[in-house]
Amino acid sequence: MFDAILENRLLAAILVVIAVPIVLVGYIYLVEFVVGLFRRTTAGRIRPWLWLAPALVFLGVFLVYPTIATVIRSFQNRRGDQFVGLENYQWFFTQNDTLIALRNNVIWVIFLPLLVVGIGLLVAVLVDRVRFEGAAKTVIFLPMAISFVAAGVIWRFMYELDPKVGTLNATLNAVGAEPRAWLVEQPQNNFFLIIVGVWLLTGFAMVILSAGLKGISTELLEAARVDGANEWQVFRRIVFPLLLPTIAVIGTTIIIYALKTFDVVYTMTNGNFNTDVIANSMYQMLFNNGQPGRSAAIAVILFVAIVPVMIVNIRRFQEQEAVR
Amino acid sequence: MANRTSRWVRLWALLAVAAIAVAACSSGGESAAPGGESAAPPASAPAGESAAPGGSPAAGGEFNCENVGGEVSVVGSWTGAEQDSFLAMVAPWEECSGATVNYTGSRDLAAQLTTGIASGTLPDVAGLPGPGLMKEWYDQGALKPLSFVDFATYEANTPPGFAAAGKASDGQLLGIFTKAAVKGLIYYNKANWQGGDPATWEELNTTARGAVSGDQKQWCIGVESGAASGWPGTDWVEDIVLRQAGPDVYDAWVAGEQKWTSPEIKAAFETFGDAVANAFGGSNYIVTTNFGRAANPMFEDPAGCLLHHQASFITDFFKNEAGAQDGDFDFFVMPDINPEFSGAITTAGDLFGMFNDTPQAQSLINYLLTAEAQQIWVERGGFISMNKNVPADVYPDDTSRRSAEILAGASSAKFDASDLMPNAMNQAFFEAIVAFVQNPGDIDSILSNLDNVQADAYGG
């Protein structure tokens with residue numbers, strides 16, 4: 001009977017929509033019922049754990065277990081029936097292709113946050129002074145609503161070699177220049193891919209920085225101006241230092257984006273023309289080459305690279321919480 | 001008030017218990033279904049050997065349709081008109097066997113079946129993306145051997161080389177071919193090519209290079225194809241290896257015993273590089289132009305090129321992408337390069353394999369091999385039969401009839417090399433083509449990189 005219900009997708013969807021909240025609410029009542037059986041002090045001690053339990057179970061099943069399994073898998077051979085020590089890692093650091101992917105990720109990590117935060121800050125500061133602030137911000141924020149894959153497809157048309165299709169080459173054509181193969185010419189093609197990320201993420205940085213900017217009290221700025229500071233000095237000595245915690249949070253978030261970048265590269269070049277990145281080579285290694293061991297090793301390397309950034313991010317967050 | 005609250009509590013508790021029961025039942029149902037934790041074959045398949053074969057072993061010969069009833073799930077790469085033709089092909093079988101075919105068309109068989117193997121939800125019968133993945137899936141225990149097929153009859157009815165390409169390394173038959181494609185055809189626009197059918201590669205080049213004028217080039221080439229970019233170039237190199245170095249080198253190369261840096265393979269890349277140097281648009285154009293639009297300049301006025309090298313499927317693209325009409329274009333088979341290996345052609349075909357050994361699946365596979373079944377699709381068009389017993393006069397158009405004749409008359413028909421290689425090798429070959437077209441001067445480093453992949457990919 002349940003098989004029949006699950007086969008009907010609409011019924012299954014309705015079942016999920018109704019049953020899941022019921023189960024969750026039911027769990028809460030069950031917990032309270034169980035807790036009610038204990039004395040007040042004991043109840044106080046076990047209640048948080050029982051409330052937390054579902055979340056902990058989900059975390060364990062969907063996050064902790066896969067992470068541990070991936071780490072173990074990365075030390076195993078292709079079939080997963082034998083431990084091979086560090087062979088998969090050794091492979092990663094001796095292949096020309098993977099080293100190029102690593103190099104490209106470094107380029108992404110340096111330039112994506114720099115451009116996103118830089119342009120985002122510039123726009124946030126500038127639109128703060130214009131009349132049509134809302135409209136200007138909306139236009140820049142709009143690409144945020146587009147998925148990375150869709151952005152990749154859109155920008156493939158932008159970079160298309162044929163001037164009848166490619167916007168950039170049509171522009172070059174109009175001024176009488178030769179069309180260029182933007183995604184093919186190395187090494188600048190990496191930057192043309194990064195620009196897609198910048199286009200998508202600048203709006204995000206701008207909105208948060210703009211909010212930070214509004215939080216700086218005007219009295220402070222006025223006082224500085226009265227003391228004879230010019231606009232640059234006001235920005236450099238007052239606005240920028242006050243925005244620094246916000247910039248750090250955005251910067252680390254974008255660094256994580258840059259480290260795990262995949263969609264743009266996969267849809268636009270699939271790693272050809274020396275534009276491969278770690279996440280794409282991980283995908284290819286698993287789905288095209290059938291090498292789960294090596295793929296797991298790449299995943300672990302990516303994970304290890306992201307952990308320090310995460311720690312910085314969480315520290316920042318805790319500091320801000322402490323200030324509040 | 002308190003009373004009402006406690007009533008609500010009781011009601012909610014009742015609902016919650018009911019919901020938990022529902023969840024428990026449905027998850028119970030799931031765990032009874034095939035669990036695909038390991039790479040082990042899905043447990044839902046009954047012990048295959050004990051199941052009675054649905055049809056008599058009649059591969060391609062007389063097929064005795066037994067009434068087996070039930071149903072069989074099929075996943076294939078065919079959608080749209082091709083899906084209709086496939087369903088028309090199996091309709092007589094459904095009638096006589098009493099079984100129902102549940103067909104799903106998928107554009108990405110490799111991804112769908114790879115995830116299907118991991119999760120344990122697999123169709124009974126499926127189209128397979130290529131012999132390379134077929135062998136890997138058999139080694140993982142997912143694909144079942146087709147021991148019920150009468151191999152001798154099947155092989156006798158099929159062009160040389162095909163039947164064996166569907167075997168595993170341990171000699172078990174895993175995949176059967178029904179639909180063929182002839183590769184290595186050279187298409188031209190009738191309005192621009194007056195060279196006839198050249199007998200040799202040299203004659204072709206001399207004629208073509210004498211005929212081009214102005215900005216016109218000999219070839220139209222485009223190798224972009226999304227995640228599979230480069231494959232049209234692999235077809236080029238394969239055709240050249242077969243005609244320049246011969247079938248033995250070709251086989252050794254497929255088997256991973258011929259190094260990429262060997263003089264034979266390097267010479268093939270260089271011959272391809274010569275064509276690239278004489279192709280429309282230059283290297284940046286070639287690596288960014290989709291294979292489907294590659295031949296468009298051939299149909300423009302003035303034409304950008306004279307010739308286009310591709311498999312028989314490309315005529316659809318001529319009509320839809322370049323606006324050409326039937327009769328605007330014609331083709332000849334890529335001519336011999338070394339006369340010693342005269343008459344060799346490259347081909348491809350659609351494979352079928354079995355993931356669940358059921359009587360229905362066995363019967364369907366035996367039915368698909370018959371000339372009667374394949375003739376149904378041949379008559380509907382767009383199908384070149386692997387079965388030699390399908391008469392030539394049932395082909396509805398000239399192109400497919402000639403392709404069928406080329407297939408039947410070839411001295412040596414070789415299956416697409418890159419499809420036969422392990423998937424990692426295949427993928428590296430694709431990427432190498434893109435790199436080579438872009439920088440032909442890097443040939444040595446590109447080939448030695450392929451040697452590294454070769455040493456690695458065939459290990460297992």
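Biologist: What percentage of the residues of chain A count as buried?

Modeller: Please keep in mind that this is a predicted model. Of the 324 residues of chain A, 29% count as buried.

Biologist: How many helices and how many strands are there in chain A?

Modeller: Chain A has 14 helices and zero strands.

Biologist: What are the overall dimensions of chain A?

Modeller: The C-alpha trace of chain A spans about 75 × 60 × 45 Å along its principal axes. Its radius of gyration is 26 Å, whereas a compact globule of 324 residues would have a value near 20 Å.

Biologist: Which domains is chain A divided into?

Modeller: Chain A is divided into domain 1, residues 2-73, and domain 2, residues 89-323. The C-alpha centres of these two domains lie 37 Å apart.

Biologist: What share of the contacts in chain A join residues at least 24 apart?

Modeller: The share is 65%, counted among contacts between residues at least 6 apart in sequence.

Biologist: Let us turn to the backbone. Which residues does a cis peptide bond join in chain A?

Modeller: Gln186(A) and Pro187(A) are joined by a cis peptide bond, with omega about -5°. Pro187(A) lies in the loop between helix 8 (167-174) and helix 9 (189-214) of chain A. As background, most peptide bonds are trans.

Biologist: And in chain B, which residues does a cis peptide bond join?

Modeller: In chain B, a cis peptide bond joins Asp301(B) and Pro302(B), and omega is about 0°. The loop that holds Pro302(B) runs between helix 11 (282-288) and strand 7 of chain B.

Biologist: Back to chain A for a moment. What is the phi of Phe273(A)?

Modeller: Phi of Phe273(A) is near 60°, a positive value in a residue other than glycine. Asn274(A) is not a glycine either, and has a positive phi of about 55°. In general, most residues other than glycine have a negative phi.

Biologist: Where is Phe273(A) placed?

Modeller: Phe273(A) is in the loop between helix 12 (263-268) and helix 13 (278-287) of chain A. Asn274(A) is also placed in the loop between helix 12 and helix 13.

Biologist: Why does Phe273(A) count as buried, and why does Asn274(A) count as partly exposed?

Modeller: The answer lies in the count of neighbours. Phe273(A) counts as buried because it has 26 C-beta neighbours inside 10 Å, and 20 or more are required. Asn274(A) counts as partly exposed because it has 19 C-beta neighbours inside 10 Å.

Biologist: Now to chain B. Which domains does the assignment give?

Modeller: The domain assignment of chain B gives domain 1 (58-181 + 349-417) and domain 2 (191-346 + 418-457). Their centres, taken over C-alpha atoms, are separated by 28 Å. In the contacts between them, 18 residues of domain 1 of chain B meet 23 residues of domain 2 of chain B.

Biologist: Which elements supply the side of domain 1 of chain B that touches domain 2?

Modeller: Helix 4 (131-139), helix 15 (398-409) and strand 11 of chain B each supply at least two residues of that side. By class, the side has nine nonpolar, six polar and three charged residues.

Biologist: Which residues of helix 9 of chain B are buried?

Modeller: In helix 9 (residues 247-254) of chain B, the buried residues are Tyr250(B), Trp253(B) and Val254(B). They lie on the same side of the helix because they cover an arc of only 95° around the axis. Their cover includes helix 8 (231-244), helix 10 (263-277), strand 11 (412-415) and helix 16 (417-420) of chain B. Helix 9 of chain B is followed by Gly256(B), whose phi is positive, near 80°.

Biologist: One last topic. Is His309(B) buried or exposed?

Modeller: His309(B), which is in strand 7 (residues 305-310) of chain B, is buried, with 24 other C-beta atoms within 10 Å. Beyond its neighbours within four places in sequence, His309(B) is in contact with Ile186(B), Trp236(B) and Met334(B). The C-alpha atoms of His309(B) and Cys220(B) are separated by 7.8 Å, although these residues are 89 residues apart along the chain.

Biologist: Which residues have the most contacts inside the largest nonpolar core?

Modeller: They are Val125(B), Ile176(B), Cys220(B), Val241(B) and Ile365(B), in a core of 182 residues.

Definitions and conventions
Residues are numbered from 1 along each chain as its sequence is written. Chains are lettered from A and ligands numbered from 1 in the order in which they are written. This is a predicted model: local features need pLDDT of at least 70, side-chain atom pairs count only at pLDDT 80 or more; totals for chains, interfaces and linings use all residues. A residue is buried if 20 or more other C-beta atoms lie within 10 Å of its own, exposed if 12 or fewer, and partly exposed in between; C-beta atoms are placed from the backbone. Helices (H or I, at least four residues) and strands (E, at least two) are DSSP runs, numbered from the N terminus. The arc is that of the directions from the helix axis to the C-beta atoms. Two residues are in contact if their C-beta atoms, placed from the backbone, lie within 7 Å. Domain bounds come from an automatic or database domain assignment. Ala, Val, Leu, Ile, Met, Phe, Trp, Tyr, Cys and Pro count as nonpolar, Asp, Glu, Lys and Arg as charged, and the others, Gly among them, as polar. A nonpolar core is a set of buried Ala, Val, Leu, Ile, Met, Phe, Trp, Tyr and Cys residues joined through C-beta atoms within 7 Å. The radius of gyration is taken over C-alpha atoms; the globule rule is 2.2 Å times the number of residues to the power 0.38.
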